[in-house]
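Dear colleague,

I am handing over the structure below, and after it you will find my notes on what turned up when I went through it. Please read them with the structure open beside you.

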Amino acid sequence: MRATTRSTGEAAVGVPRWAFAPAAVGGLFVLLPLVAMATRVDWAGFGSLVTSESARAALLLSLQTSAASTAACLALGVPMALALARCRFPGVELLRSLVMVPLVLPPVVGGVALLYTFGRRGLLGETLEVAGLQVAFSTAAVVLAQTFVALPFLVTSLEGALRTAGARYEAVAASLGARPTTVLRRVTLPLVWPGLLSGAVLSFARALGEFGATITFAGSLQGVTRTLPLEIYLQRETDPDAAVALSLLLVVVAVVVIAATRRGRGPL
Amino acid sequence: MTLTLAATLPAREFDVALDVAEGRTLALLGPNGAGKSTALGLVAGTLRPHHGEIVLDGRTLVRADGGRTRTWVPPHARRVALLAQEPLLFPHLSVRQNVAFGPRSQGVRRRTADAAADRRLEQVGLAHLASRPPSTLSGGQAQRVALARALAAEPRLLLLDEPMAALDVDVTPELRQNLRHLLAAQTAIITTHDVLDALLLADEVAVVEGGRVVERGPTAQVLSRPRSAFAARVAGLNLLAGAWTGDGVRTPAGDVVHGRTPTAGLAVGEPTTAVFRPAAVAVYLDEQHGSPRNAFRATVRSLEPRGDLVRVRTDRLAADITPQSAAELSLVPGARVWLSVKAAEVDVYPTGGRVPSDEFRPEAGSAR
């Protein structure tokens, strides 16, 4: 505490001394399980375990589908956040709550809901089937499931950033003759860039870890729908060493993604 | 008429009609919450009127009929630029990119837009800061860049919403100077509660109170013979208009008023106004000699209490003196007195708009 106080010249006002103890316990609570897991890794066989054919297929599929669903979250979530943050229309508060539903819904329930929407007998399933598209139990279903659960992360994060930035810069830009699309591209998005980036990272991380909705809606077919979390769950029954190794791999991937975007987030 | 506005917005108790002629500057003077910003918002397109019409250059920007918008030109297509209290420079763009934003958005090529930006920065005296990020500018510099940016968009109408309110007092003269030169040929509306801004920058003044225009006229007329309470209160300053002689202001009555040397160079014969507070005016029964003072012969018209002081109103100027002095001098209406003001208490400004033909004097109300 002393050292940071001296280096930045800022005092931590408003933090009672007793708060440090539970804060430390909380930190340990997050870190300890990761350490415990790392101690169980079979380091000798680690290389072969994480490079097995099924592991590589699962990792590749996870990265591909998470990237795709992050892209889908951006394509849908940016306009959603804009509408929620900037427009005033009846029911906007209700809509804001509804957007958060996937966040509190058990992922399995999300998977069931998606099945009854895009599945063969689903609301849109028959229409899609006529059009020659079969979504359920395909890679597309994985992306849909991940997008469904990850979208609220992007929308909330970006909406908060938009509200903080306020609409005043946009009003000035418009008064200078900039069309709404130009304002979005040259003013709004650059201003909320940190919020957009952290929203995208959160979405990606959530998509990477998605399990319940995926297994319900997309199943577990190697190379098609079996992402890394599904692979870990399956391996846990038959080969605990492989499960632990793959878990560590997933942790490393998540940490690398977060670290990379943190570094790129500096001042614009 | 370049701009005509007649609009109501019951939610804000706003019901205003006003117009601005080509190349003229209208000052909206009024207390906070009077509806000045609402008027600007309606013209800029950030607010919709409930009822009414706004026309710029013969083009209807908005027409509403009892809550239904019949015509609506979106803000970006109005050619109305807005300079707010805060500069709101885009933090992710350099100073030059900020100023070039308007032309770029209107489809001008980068090189042409940058050249236009540099020219505008030159006009506000900040060309040397072009490649800096806005975060490194002082408040005054940032506001001058914002002015350059607004003008670079080549607006038909420039709206200035209390452009000096958020600035330190010691940096406002430079911006005011920039505005004086740049608003000369620009059609503009400026909102302010500072009588000095109206005096220096505006051709005409509309006093807004409670969402209504309560008074309207040429700046000199409104400030010299205010009819509304607010104008009277803010115009409580003594204003003597005339022509610059090289070391003073010669009024039409023949007096020469000496004051602090103005910061900007004035040409002999240039219309100028001497401004001083009633509290700076001393009252004597006999002529005073020797000290560097401005002295005026005057007849007392009325006396009225004003806080701890007494406002002595004469046929020419107003003075605020202590009740003791008033008693010692036995001042009564009709008394002949000498008014004197130290030159150091008098500010001299070039006069905005047209040359006033007669003396300004406060009629009622208080100096701030």
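**Confidence in chain A**

The mean pLDDT of chain A is 89, with 95% of its residues reaching 70 or more; please keep in mind throughout that this is a predicted model. Within chain A, confidence is highest in helix H11 (residues 180-191), at a mean of 95, and lowest in helix H1 (residues 2-8), where the mean is 51. Over residues 1-6 of chain A the pLDDT stays under 50, and for this stretch the model has two contacts beyond four places in sequence.

**A residue in chain A**

A:Phe217 belongs to helix H13 (residues 212-217) of chain A. Is A:Phe217 buried or exposed? A residue is called buried if 20 or more other C-beta atoms lie within 10 Å of its own, and A:Phe217 has 28 C-beta neighbours inside 10 Å, so it counts as buried. Leaving aside residues up to four places away in sequence, A:Phe217 touches A:Gly111, A:Leu114, A:Leu115, A:Ala136, A:Ala141 and A:Ala145. Of these, A:Leu115 lies 102 residues from A:Phe217 along the chain, yet the C-alpha atoms of the two are separated by 5.4 Å.

**Where the chains meet**

Between the two chains, 17 residues of chain B are in contact with 16 residues of chain A. On the side of chain B that touches chain A, strand E7 (80-83) and helix H2 (95-105) of chain B each supply at least two residues. By class, that side of chain B is made up of ten nonpolar, six polar and one charged residues.

**A hairpin and a helix in chain B**

Strand E5 (residues 59-65) of chain B runs antiparallel to E6(B), and four bridges join them. One of the pairings is that of B:Asp65, whose bridge partner in E6(B) is B:Arg68. The two strands, E5(B) and E6(B), form a hairpin with two residues between them, and B:Gly66 in the turn has a positive phi of about 55°. Strand E6 (residues 68-72) of chain B lies largely in the open, because the number buried among its five residues is zero.

Helix H4 (residues 139-152) of chain B, on the other hand, is mostly covered, with 13 of its 14 residues buried. At 1.5 Å a residue, the 14 residues of H4(B) should span 20 Å, and the end C-alpha atoms are 20 Å apart, which agrees. After H4(B) comes B:Glu154, whose phi is positive, near 50°.

With best wishes

Terms used. Residues numbered from 1 in each chain as written. Chains lettered and ligands numbered in written order. Predicted model: local features only at pLDDT ≥ 70, side-chain atom pairs only at ≥ 80, totals over all residues. Buried ≥ 20, exposed ≤ 12 C-beta atoms within 10 Å, placed from the backbone. Pairing = 2+ DSSP bridges. Expected span 1.5 Å × (residues − 1). pLDDT = per-residue confidence, 0-100. Contact = placed C-beta atoms within 7 Å. Nonpolar A, V, L, I, M, F, W, Y, C, P; charged D, E, K, R; others polar.
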